[in-house]
Amino acid sequence: MYLSNHEAITKSYTIIQELPSGFLGPSVIVKHKASEEVRVCKICHKHFIGGPEQVESFKQHISRLNSLNLSFVVPYVDIIENESDLYIFRKYVEFGSLTDFVNFSSNMSNSDVKHIFGIVVKNFIQLHQNRIFPCSIKPSNIFIDSSESILITDLYVLTSDISWAMQTADPMQLAFLAPEFFDRSANPSSYSDIWSLGTLLFYLRSRTLPWPTKNVCMMIKNITMAHFTIPCFLEQSPEFDWIMNQCINRSAEARPIIEDLLNPKIIRKCKSRTGSVPLPYKLGQSAQMLIKPESRKASVFLHYGAMANSERRRKRQLSSGSISTSSYTIRCRFIRPDSDNND
């Protein structure tokens, strides 16, 4: 997909691997020729962003986000522009995303879910306080750095023009977006992030989506109808049920503010036993296995026995050299087309 117009970046970068399309265009893994740093390049088609004013606002948003220097945000390190596209580059993230937690951790307790969700919400509270919203909130954009921290990627601006949405064959790209992105019932706002966080909590708890379909058009229809049922097999948690029911609400104005998601006095309305889990907190053994060891860089699956084929050192010969296998480990999940670095 990207091969027809890759000359804009090959002067400074070597293209390693194409990834599936994200919201605004294709993604590729590249190596910076000068520094030899592996990065992810997001190719954002300008016609998906909007007219010249929207494109300029898009670039200003990225610049402002970088200027905040938030420790949990993976910054963009380079931007290349041509007539039709913006090429934005960020560091390649080597460890596991929330998608990995959902797919590969076993028996995550409510306490683990509460802890992880609490960290995510606290970081998005900081973003909202700096007027960074609405965001692209989904598990593949949230990476587990340690038991006490996460990294968030690809916080660029989305538009309410759904033409880009119809280009994706993967409904997971759309599953966490609020109805107003599709039906224009309201302008996307901070309350759009509340919907996304409620959907994220549903996904963390149930390992499924509120709208079980693999068809993009049906996914959009289900989102705009906002009909969902909390699975009966889940461990009971009145506070989680309250958060999901309040957040996944078709009316943006009826959703809670983000601070309420961690406010025990608000959540106590549902007669829950406790409020949010205070830090520090130690994740359960199953979840702990999926976290990057704090003492060294390594694959998150290094000690996860069931994932014998999910990690191996790759030595990919390039036209201008090769990537050393001694400096880092790239897991197949992130180098193959189903990578979580593509969103």
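The side chains of Arg 39 and Glu 37 come together in a salt bridge, with N and O 2.6 Å apart. A salt bridge here is a side-chain nitrogen of Lys or Arg within 4 Å of a carboxyl oxygen of Asp or Glu. Arg 39 is buried, at a relative accessible area of 9%, whereas Glu 37 is partly exposed, at 28%. For these labels, buried means under 20% relative accessible area, exposed means over 50%, and partly exposed lies in between (1.4 Å probe, protein chains only).

A word on the model: it is predicted, so to speak of local features a pLDDT of at least 70 is needed, and side-chain atom pairs count only at pLDDT 80 or more, while totals for chains, interfaces and linings use all residues. Residues are numbered from 1 along each chain as its sequence is written, and side-chain values use heavy atoms, with hydrogens and water left out.

## Salt bridges

The structure holds 10 salt bridges. Three of them are set out here.

| Pair | Closest N to O distance |
|---|---|
| Arg 90 and Asp 154 | 3.0 Å |
| Arg 205 and Asp 241 | 3.1 Å |

Arg 90 forms its salt bridge with Asp 154 at 3.0 Å between the closest N and O atoms. This pair links distant parts of the chain: Arg 90 is in strand β5 (residues 85-91) and Asp 154 in the loop between β7 (149-152) and α6 (180-183), 64 residues apart. Helices (H or I, at least four residues) and strands (E, at least two) are DSSP runs, numbered from the N terminus. Both partners, Arg 90 and Asp 154, are buried.

Asp 154 has another feature to look at in its backbone. Its phi is near 55 degrees, a positive value in a residue other than glycine. With a relative accessibility of 1%, Asp 154 counts as buried.

Arg 205 and Asp 241 form a salt bridge too, their closest N and O atoms being 3.1 Å apart. Again the pair links distant parts of the chain, with Arg 205 in helix α7 (residues 190-206) and Asp 241 in helix α9 (residues 238-247), 36 residues apart. Arg 205 counts as buried at 10% relative accessibility, and Asp 241 counts as partly exposed at 25%. Elsewhere, salt bridges that share partners join Lys 46, Glu 56, Lys 59 and Glu 81 into one network.

## Around Lys 59

Lys 59, a member of that network, sits in helix α3 (residues 52-68). The side chain of Lys 59 makes a polar contact with the side chain of Glu 81 at 2.9 Å. A polar contact is a pair of N or O atoms within 3.5 Å; within protein, one must be able to donate a hydrogen and the other to accept it, and residues adjacent in sequence count only if both atoms are side-chain atoms.

Leaving aside neighbours within four places in sequence, Lys 59 is in contact (heavy atoms within 4.5 Å) with Glu 81 and Leu 86. Lys 59 and Ile 88 are 29 residues apart in sequence, and their C-alpha atoms are 9.5 Å apart in space.

Helix α5 (residues 110-129) has 20 residues, and at 1.5 Å a residue it should span 28 Å; its end C-alpha atoms are 28 Å apart, which agrees. The expected span is 1.5 Å times one less than the number of residues. Because 16 of its 20 residues are buried, α5 is largely enclosed by the rest of the structure.

Arg 131 follows α5 and lies in the loop between α5 and β6. Phi of Arg 131 is near 60 degrees, a positive value in a residue other than glycine. At 61% relative accessibility, Arg 131 counts as exposed. Pro 134 is also in the loop between α5 and β6 (142-146), and a cis peptide bond joins Phe 133 to Pro 134, with omega about -10 degrees.

## Cysteines and the whole chain

How many disulfides does a search of the whole structure find? The search finds 0 disulfides, a disulfide being a pair of cysteine sulfur atoms within 2.5 Å. Cys 217 counts as partly exposed at 48% relative accessibility, while Cys 247 counts as buried at 0%.

The protein chain has 12 helices and 9 strands. Of its 343 residues, 57% count as buried. Among contacts in the chain with a separation of 6 or more, residues 24 or more positions apart account for 66%. The accessible surface comes to about 15,400 Å², of which 49% belongs to carbon and sulfur atoms. Accessible areas come from the Shrake-Rupley method with a 1.4 Å probe; for residues, only the protein chains shown count as cover.
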